[in-house]
Amino acid sequence: MLSGVVFVVLGAWVMFSFGASLGIGAAGTVDRFGVAQIRECHRSPVRLWMIHVCEADVTWDRKTPGRPQVTSSTIGSVADLSGEVSVVSYKSVGRYGLLHYNIVPVDRPRPLFSTGWWFFFVIVGTIPSYILGWFAGKGIDRLLPEPKEKPKDWRGVSRRTTPGMNGRRRKRGRR
């Protein structure tokens, strides 16, 4: 059973990674556009190495109150970026009502289906993940050696004079 739960967690991680690489999720509203000068890119292990995370200096098309026009930002992309790239910032409401800004390339691919269908696939995908984990656990169980016989519990055995006394001593002189 434990291996089934582990496989469900891993299966959900894979499905969420696919969703992130396909761009499925609440995109929010367009905040502003800009041009990013890419410094470095690497693949993100959190998203099963399907997403490139790029550090860049972004020059925005307009200045918004309380935010600078040139920022150092992190850009998520499905392809390796280099040089200058046009980017867009999406503003969405995150957990506990906090604003969250997501910066992606303008020409990123659009998802093939909506968030609801993707969530349905994630939930349905957990069932085969659990079954696969259950069979994997049974296979691992057959490979492990048999457990040794547990030692007998000898506590109270010498004091037991008659069955049913359960370790209590018979008091002498009393009936």
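**Notebook: salt bridges, disulfide, strands and patch**

I began with Asp31 and Arg67, whose side chains meet in a salt bridge at 2.6 Å, N to O. I count a salt bridge when a side-chain nitrogen of Lys or Arg is within 4 Å of a carboxyl oxygen of Asp or Glu. Asp31 lies in strand β1 and Arg67 in the loop between β2 and β3, so the pair ties together parts that are 36 residues apart in sequence. I took helices (H or I, at least four residues) and strands (E, at least two) as DSSP runs, numbered from the N terminus.

I noted the ground rules next. The model is predicted, so local features need pLDDT of at least 70 and side-chain atom pairs count only at pLDDT 80 or more, while totals for chains, interfaces and linings use all residues. Residues are numbered from 1 along each chain as its sequence is written, and side-chain values use heavy atoms, with hydrogens and water left out.

**Other salt bridges**

How many salt bridges does a search of the whole structure find? I got three. Arg32 and Asp31 form one of them, at 4.0 Å from N to O.

Are Arg32 and Asp31 buried or exposed? Arg32 is buried, at 2% relative accessible area. Asp31 also counts as buried, at 9%. My cut-offs are under 20% relative accessible area for buried, over 50% for exposed, and partly exposed in between (1.4 Å probe, protein chains only).

I then looked up Arg39 and Asp57, whose side chains meet in a salt bridge at 3.8 Å, N to O. This pair links distant parts of the chain, with Arg39 in strand β1 and Asp57 in strand β2, 18 residues apart. Arg39 is partly exposed at 48% relative accessibility. Asp57 is partly exposed at 32%.

**Disulfide**

I found one disulfide in the whole structure. The criterion is a pair of cysteine sulfur atoms within 2.5 Å. Cys41 and Cys54 form the disulfide, with their sulfur atoms 1.9 Å apart. The pair joins distant parts of the chain: Cys41 is in strand β1 (residues 29-43) and Cys54 in strand β2 (residues 52-60), 13 residues apart. The link is right-handed, with 110° about the S-S bond. Cys41 is partly exposed at 22% relative accessibility, whereas Cys54 is buried at 0%.

**Strands and fold**

I listed two helices and five strands. Their order from the N terminus is α-β-β-β-β-β-α. Strands pair if DSSP finds at least two bridges between them. β1 and β2 run antiparallel and are joined by nine bridges. Which residue of β2 is the bridge partner of His42? I noted Val53. β2 also pairs with strand β3 (residues 70-77), antiparallel, over eight bridges. There, Ala56 has Ser73 in β3 as its bridge partner.

**Burial and surface**

Buried residues make up 27% of the 175 residues in the chain.

I looked for nonpolar surface next. Val5, Val9, Ile127, Tyr130, Ile131, Trp134 and Phe135 make a nonpolar patch of about 670 Å². Patches use residues with over 30% relative accessible area and no salt bridge, joining like charges within 9 Å and nonpolar side chains (Val, Leu, Ile, Met, Phe, Trp, Tyr) within 5 Å. α1 (2-22) and α2 (115-143) are the elements that give two or more residues to the patch. The largest share, five residues, comes from α2. Phe135 lies in helix α2 and is exposed, at 53% relative accessible area.

Note on methods: Areas by Shrake-Rupley, 256 points an atom, 1.4 Å probe, with all protein chains shown as cover.
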